Amino acid sequence: MSGRGTRPALAVLAAAAVLALAGCGDSGSDSGASGASGAELSVGAAYIPQPVSASMAAGFLTITNEGDAGDELTSVTSEAGDVTVHETVDGTMEEVDRLKIPAHGRLVFRSSGNHLMFEKLKRQPKQGESVTVELHFAQSEPVTVEVPVKAATYQPGDGHSAHTGN
């Protein structure tokens, strides 16, 4: 009769072993592109100075990553016009395919630094309006941002100053 009493105990042990192994399967790796990479992205301090040109504008924002893994901004789209990503190094502006967003770090777009360049605008955005952009990332899901149009002389209080760093 001792065989009958051990079967339920073995079943419980077997179930516990399966659950323990299932928990180990994917804990350290990520193959998805849905933000499960450990990047936790948020966007703030977004603005576009009212452009003086009818066809071009610049955009600025800060992408914060509070996650344990880095990501990359790979492109930006908008119905307002074509958007390209520019990096400024040693005073030289260059269009780039991607910019890194470090784990527990920020990617800052600011005047005289990294910035978004809006070209072939369908219409010139005016102060008080907003322009919708969609940010695309290597690992995370896209993020849609309403970017307010500010005065051409607007100076942000924080997040974009020259001493903020990238």
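1. Lys 150 sits over the face of Tyr 154, 5.2 Å from the ring centre. The criterion is NZ of Lys or CZ of Arg within 6 Å of the ring centre and within 35 degrees of the ring normal. This is a predicted model: local features need pLDDT of at least 70, side-chain atom pairs count only at pLDDT 80 or more, and totals for chains, interfaces and linings use all residues. Side-chain values use heavy atoms, with hydrogens and water left out, and residues are numbered from 1 along each chain as its sequence is written.

2. There are two aromatic pairs in the structure. Tyr 47 and Phe 60 make a tilted pair, at 5.2 Å centre to centre and 40° between the planes. Rings of Phe, Tyr and Trp (its six-membered ring) pair if their centres lie within 6.5 Å; planes under 30 degrees apart are stacked, over 60 edge-to-face, the rest tilted. Tyr 47 is in strand E1 (residues 41-49) and Phe 60 in strand E2 (residues 56-65), so the pair ties together parts 13 residues apart in sequence. Strands are DSSP runs of E, at least two residues, numbered from the N terminus.

3. Tyr 47 also pairs with Tyr 154: the centres are 4.8 Å apart and the planes at 70°, so this pair is edge-to-face. It links distant parts of the chain, with Tyr 47 in strand E1 and Tyr 154 in the segment after strand E10 (143-150), 107 residues apart.

4. Tyr 47, Phe 60 and Tyr 154 form one aromatic cluster. Tyr 47 and Phe 60 are both buried. Tyr 47 has 4% relative accessibility. Tyr 154, at 31%, is partly exposed. Buried means under 20% relative accessible area, exposed over 50%, partly exposed in between (1.4 Å probe, protein chains only).

Technical notes
Helix = DSSP H or I, 4+ residues; strand = E, 2+ residues; numbered from the N terminus.
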